[in-house]
Structure formats: C-alpha cells, structure tokens
Amino acid sequence: PYSLEPETIAEIERQAKALAMALKVKGLMNVQFAVKDDIVYLIEVNPRASRTVPFVAKAIGSPVAKIAARVMAGDSLDVAQAPFPPIRRDFGHVAVKEAVSPFARFPGIDPVLSPEMKSTGEVMGIAADFATAFLKSQQGGGVELPEGGCLFVSVKDSDKPSIVGPVRVLLGLGYHVVATGGTAQYLLDEGLAVERVNKVAQGRPHIVDKIKDGEIDLIFNTTEGWQSHRDSASIRASAVSQKVPYFTTAASSIAVVRAIASRREGSLEVRALQDYYSDSETSS
C-alpha cells in the first residue's frame, strides 16, 4: 500500500469487511482487488487462505493462520488472539514480497507477465524503508541490480512522463542510457543524454545484439498493444538468457531506481525478524 492513498486503503478495508460479514466467513478469506483511477474494483473473493498469509504473519510477527484456525474451531476472535502479540496496523519497517519465476529454466520462452500464476515461490525483503526492502527482495529472488553500466529504456507513451525522473537519477549515478526511437526522442526533448538504438526490425546492430553482446546491464521495457508486445518478446527472452535484470512496468522501474540509489547511500544490514518486531513494539 505504499503507493495507495489513505482513502483508497480505507475503501479496500470497507469492502473487505462488508464481504466477510455478508459471506459469514469464519477464519480467513482471500480477496483480490484492482485499483484504477482511484476506483476500487473487486476481482474475486475466496473463503480460504492464500500464499500471502505466511508472508503477512512474518511481516507483522503474529501467527495469523493459527488465530484463524482457532476461530474456525469455535473460539471468539478475542480468545484466539489472546496468547499472541496483538495485530497492529503501523510498523517501523516495510516488507516487500517478490515473486520468483522459473523462466531461466525454459530457454526460448517469453518471460512476460499475464493473468495466470507463473511464479514458483516468493521471497521477502524487509527493512526500515521501502527502497531498501525492495532491494533485498530482488536479491532474495536472484536478481542483482547493477551498480552501474548501461540502461536500456523502451516504454509505451503513457509511461514516458513517469520514466523521466528515474532515468535522470540513473544518469546522475553514472549510468549510460540507450533507448529506441520514440522513447529516445522523448528523453532527449527532456534534456537527458540518451543514445538512440535500433529496434530489431530496424536492422543491425539492434538492441537484441547489444543484449547478447553483454552491453546492456539493466532493462526498462513496457509495452502496449499486440504488435508492440510481440516485438518485445526477443528483448525479454534475451534478457533472461543473459541474466540481465528487466522490468516491465513503470512502477517497478521507479522502485528499482530507488533501490539502486538507496544502496549507494549505505550498506545493507542483516537483522532477525524478531528485532523488527521489538523495534515496532518500542515505537508504538
């Protein structure tokens, strides 16, 4: 919820509570929401737990599944909760869940995200701030964000304004930036030092050649429309084969830049989960 407005979070909570009461759920339920233009849409609700439950339990330091099981067995929520630390809403830390996908084990497959579940597991990154927590989540999932090198950018029109700030930050950190036609021109018009590179259909040397030759260290690539999606398949597949970190949404690209900048500011620390819980109790 770091990117959601408080009013949106409150509406999500209101809808979730209304659903639980109307469905007479005892225990856990899994609700999936989508937010667009500040409107909350309900995708589905299932009267069961989900893979998010153990993540939440570790993040807040309370055995959510055990409490829910006692409620299902007949205890009141107060009685089921009593032996355990209270479930709080505010913490002095941030926990980020990152999906781990098996794309690298299947050469030639298009590693694109879609509505189907493709992840084979998750990892948690936890820290006092979002940027560091996100950085840890990437490392835990096997993605090592580069300290420097060459960034390739190619984003859809609606993402171009959002990507200017992150690209400017990476240029300030010493990155070299290359981009395809429309994105390159947009960034140049914004006063950023960007090198233009050919798309695959524009002839060699093109961006896939650069990826395969080890000249690209980080990729921000968002698409819109069937043709653009298909044209970018070779970029995504080459990134996987060359183990180049690639991000396919503007939001994840922004988070990546925040994480890289955070690492420049200081070293990562290793702490036990219990230390985060005790810090939150002290500050509450």
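**Exercise 1.** Decide whether S253 is buried or exposed in this predicted model, and list what S253 touches beyond its sequence neighbours.

*Solution.* 
- Step 1. Take the relative accessible area of S253: 1%.
- Step 2. Apply the cut-off: buried means under 20%. So S253 is buried.
- Step 3. S253 sits in helix α11, residues 250-265.
- Step 4. List the contacts. Leaving out residues up to four places away in sequence, S253 touches I163, F220 and F247.

**Exercise 2.** Find the aromatic pairs in the whole structure and classify each one.

*Solution.* 
- Step 1. The search gives two pairs.
- Step 2. Take F130 and F134. Their ring centres are 5.9 Å apart and their planes meet at 35 degrees, so this pair is tilted.
- Step 3. Locate them. Both lie in helix α5 (residues 130-140), four residues apart, about one turn of the helix.
- Step 4. Check burial. F130 is buried at 11% relative accessibility. F134 is buried at 8%.
- Step 5. Take F220 and F247. The centres are 6.4 Å apart, with 70 degrees between the planes. Over 60 degrees counts as edge-to-face, so that is the class of this pair.
- Step 6. Locate them. F220 is in strand β8 (residues 218-221) and F247 in strand β9 (residues 246-247), so the pair ties together parts 27 residues apart in sequence.

**Exercise 3.** Which residues lie over the faces of F55 and Y276?

*Solution.* 
- Step 1. For F55, the residue is K97, at 5.9 Å from the ring centre.
- Step 2. For Y276, the residue is R271, at 4.6 Å from the ring centre.

Key: Residues are numbered from 1 along each chain as its sequence is written. This is a predicted model: local features need pLDDT of at least 70, side-chain atom pairs count only at pLDDT 80 or more; totals for chains, interfaces and linings use all residues. Side-chain values use heavy atoms; hydrogens and water are left out. Helices (H or I, at least four residues) and strands (E, at least two) are DSSP runs, numbered from the N terminus. Buried means under 20% relative accessible area, exposed over 50%, partly exposed in between (1.4 Å probe, protein chains only). Contact means heavy atoms within 4.5 Å. Rings of Phe, Tyr and Trp (its six-membered ring) pair if their centres lie within 6.5 Å; planes under 30 degrees apart count as stacked, over 60 as edge-to-face and the rest as tilted. A charge sits over a ring if NZ of Lys or CZ of Arg is within 6 Å of the ring centre and within 35 degrees of the ring normal.
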